[in-house]
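Me: I've got a model open and want to talk it through. Can you keep the answers plain?

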Amino acid sequence: ETKLNNDKSQSINVVGDWIYYINDSDKDYLYKICTDGTGKTKLNNDKSQSINVVGDWIYYINDSDGMYLYKIRTDGTGKTKLNSDQSYDINVVGDWIYYSNVSDNMYLYKIRTDGTGETKLNNDKSQSISVVGDWIYYFTKPSNTSGIHYKIRTDGTENQQVK
């Protein structure tokens, strides 16, 4: 066990020799640090949430700019806004970002990693999104219930309760 930094670190993603994280000690900005504790680097000046590192890109919710989806290269360059919806709870798989659209009643959406092809997938308030194969698992809490788990195909078909 080795201490790597003194930051309050959250939303940790480890890719290769790098650890990407949100630094709660520094206004929720994105950082990276080598797995040996060297090379700590600040990557943005955005209050960030829900990071997913895929390939050379970090996908995140930019809370400094209305909770919209953004991506930035793992070296801190190429920051790009991907949508104009308040977004929550992202999950990036392949060329798609799955998320709860806060602007549309927390319904489940997907959008390509280049910002095109935004598609609504359901009419449930969706949270705790997890994509496994061709299925998206999510949790919804209708009024007067303790909550229900569902799964839906990544194309928006076959929505069903998970028992």
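This is a predicted model: local features need pLDDT of at least 70, side-chain atom pairs count only at pLDDT 80 or more; totals for chains, interfaces and linings use all residues.

Me: Is Lys 81 buried, partly exposed or exposed?
Reply: Lys 81 counts as partly exposed, because its relative accessibility is 39%. Buried means under 20% relative accessible area, exposed over 50%, and partly exposed in between (1.4 Å probe, protein chains only). Residues are numbered from 1 along each chain as its sequence is written, and side-chain values use heavy atoms, with hydrogens and water left out.

Me: Which residue does Lys 81 form a salt bridge with?
Reply: Asp 65, with the closest N and O atoms 3.8 Å apart. A salt bridge here is a side-chain nitrogen of Lys or Arg within 4 Å of a carboxyl oxygen of Asp or Glu. Lys 81 sits in strand β8 and Asp 65 in the loop between β6 and β7 (68–73), so the pair ties together parts 16 residues apart in sequence. Asp 65 is at 27% relative accessibility, so it counts as partly exposed.

Me: How are strands defined, by the way?
Reply: They're DSSP runs numbered from the N terminus: strands (E) need at least two residues, helices (H or I) at least four.

Me: How many salt bridges does the structure hold?
Reply: Six. Another of them joins Lys 47 and Asp 28, with the closest N and O atoms 2.6 Å apart. That pair links distant parts of the chain, 19 residues apart: Lys 47 is in the loop between β4 (41–42) and β5, and Asp 28 is in the loop between β2 (18–23) and β3 (29–34).

Me: And Asp 28, buried or exposed?
Reply: Asp 28 has 10% relative accessibility, so it counts as buried. Lys 47 is at 34%, so that one is partly exposed.

Me: Switching topic. In what order do the strands of the open sheet come?
Reply: β5-β6-β7-β8, four strands with antiparallel pairing. β5 (48–54) and β8 (80–81) are the edge strands, each pairing on one side only. Two strands pair if DSSP finds at least two bridges between them.

Me: How many bridges join β5 to β6?
Reply: Five. Val 54 has Trp 57 as its bridge partner in β6, while Ser 48 has Asn 62. The hairpin of β5 and β6 has two residues between the strands, and Gly 55 there takes a positive phi near 60°.

Me: Which residues other than glycine have a positive phi?
Reply: Ser 11 is one of them, with phi near 50°, and Asp 89 is another, near 60°. Most residues other than glycine have a negative phi. Ser 11 lies in strand β1 (residues 9–15), and Asp 89 is in strand β9 (residues 87–93).

Me: What about the largest nonpolar core, how many residues has it?
Reply: 13, and those with the most contacts inside it are Tyr 59, Leu 69, Ile 90, Ile 97 and Tyr 99. β6 (57–62), β9, β10 (96–101) and β11 each give two or more residues to this core. A nonpolar core is a set of buried Ala, Val, Leu, Ile, Met, Phe, Trp, Tyr and Cys residues joined through side-chain atoms within 4.5 Å.

Me: Where is Thr 113?
Reply: In the loop between β11 (107–112) and β12 (119–120). Thr 113 counts as buried because its relative accessibility is 13%. Leaving aside neighbours within four places in sequence, its contacts (heavy atoms within 4.5 Å) include Tyr 59, Trp 96 and Ile 97.
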